Amino acid sequence: MKKIVLLIFMVVFGYGYDLKPIQISKNVYQFIGKTEAPSKSNGGNMVNTYWIKTDKSYVVVDSGPSYNYAKDAHKAMKKIANLPIKYVVNTHMHDDHWLGNNYFKELGATIYATHAQAKKFPVGSDAHMLSVITKEDAENTKIIAIDKFIEKDFSMKVDNLTLDFIHFDYAVHTPEDVMVYLPEEKTLIAGDILFSQRITSIRDGSVEGGLKSLDTVEKMDVKTYATGHGKFTDKTAIHQMRAYFLALKTSARKAIDEGVDINTYVKTADFSAFKDMAMMEVLHKSNLGFAYSEYEFFEEK
Ligand SMILES: [Zn+2]
């Protein structure tokens, strides 16, 4: 009986993650999350995380929504190669991307992240994610200290591979975002600079910053785009992000010019072209509000 109850629990609440890596370029593996909001049924597995395999170790880019997620990802990667995890990089402060840090810290990894993340989540603080997912999925997850801060662009040789860190010092998706680029295989791990299939959230970022970051990305020599959310690794994410940002910018500026107030704008702006994008119902209305506020006092440079 107990077993049956547990089984029903597992099916209903999605206990455990059962993660499967996809090799997206020579040395980069992706765990792909759902394009939906975090919930008890998905355990916060609505984010993409990445493992870079060198000839001697792993570098993990984003550690996922919980300790148990990180542990499950590690279990899956051990089947590909049982290598030590040298570094964990957190691309930005949103907690779906890095709550697995303490699992990797226990294994001796060095954690790289931004000051914005440390400021928002001091050691021992609470993360909203952990109240959204089940207790079982959240178990053992703790907010720990960051070992090294990413403050500017730099390159690092890790074993046989070169990793270029690109640091945005203006608000894009959050006040500080980081991308990791592998020049030898032209793979860009873009964090939440790029999404496909679903819309982004403007809450902690900026529409202008978003557009500017896409210009930076488009100037780079990239074969594989590793996005923070969504399954595509080609230019789809760039096109979808730009289309959405531009629609926000154009419609918000037009409304402001015509004297339409923010509430009317949020109610009436026509975004029917984006109706098939995931997360529209959850994020779009607040994105409209943020876009309007941003452009209300904006001057084109
Ligand atoms: Zn994200």
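Which residues point one way from strand E2, and which point the other way? Val 28 and Gln 30 take one side, Tyr 29 and Phe 31 the other. All are buried, with 20 or more other C-beta atoms within 10 Å of their own, C-beta atoms being placed from the backbone.

A word on the model. It is predicted: local features need pLDDT of at least 70, side-chain atom pairs count only at pLDDT 80 or more, and totals for chains, interfaces and linings use all residues. Numbering starts from 1 along each chain as its sequence is written.

Back to E2, residues 28-31. Strands here are DSSP runs of E, at least two residues, and helices are runs of H or I, at least four, numbered from the N terminus. Strands pair if DSSP finds at least two bridges between them. E1, residues 22-25, pairs with E2 in the antiparallel sense over three bridges. A hairpin of two residues joins E1 to E2. Ser 25 has Val 28 as its bridge partner. E2 also runs antiparallel to E3, residues 49-53, through four bridges. There, Phe 31 stands opposite Thr 49.

Now the five-stranded sheet. It is open, with mixed pairing, in the order E8-E9-E10-E11-E12. Its edge strands are E8 (154-158) and E12 (224-229), each pairing on one side only. The twist averages 25 degrees from one strand to the next. Inside it, E10 (177-182) and E11 (187-195) are antiparallel over three bridges. Tyr 181 has Leu 188 in E11 as its bridge partner.

Last, helix H8, residues 236-257. It lies across E11 and E12, at about 25 degrees to E11. Axes are lines fitted to C-alpha atoms, for helices over the stretch in contact, with angles from 0 to 180 degrees between N-to-C directions. Contact means C-beta atoms, placed from the backbone, within 7 Å.

Definitions and conventions
Contact = placed C-beta atoms within 7 Å. Buried ≥ 20, exposed ≤ 12 C-beta atoms within 10 Å, placed from the backbone.
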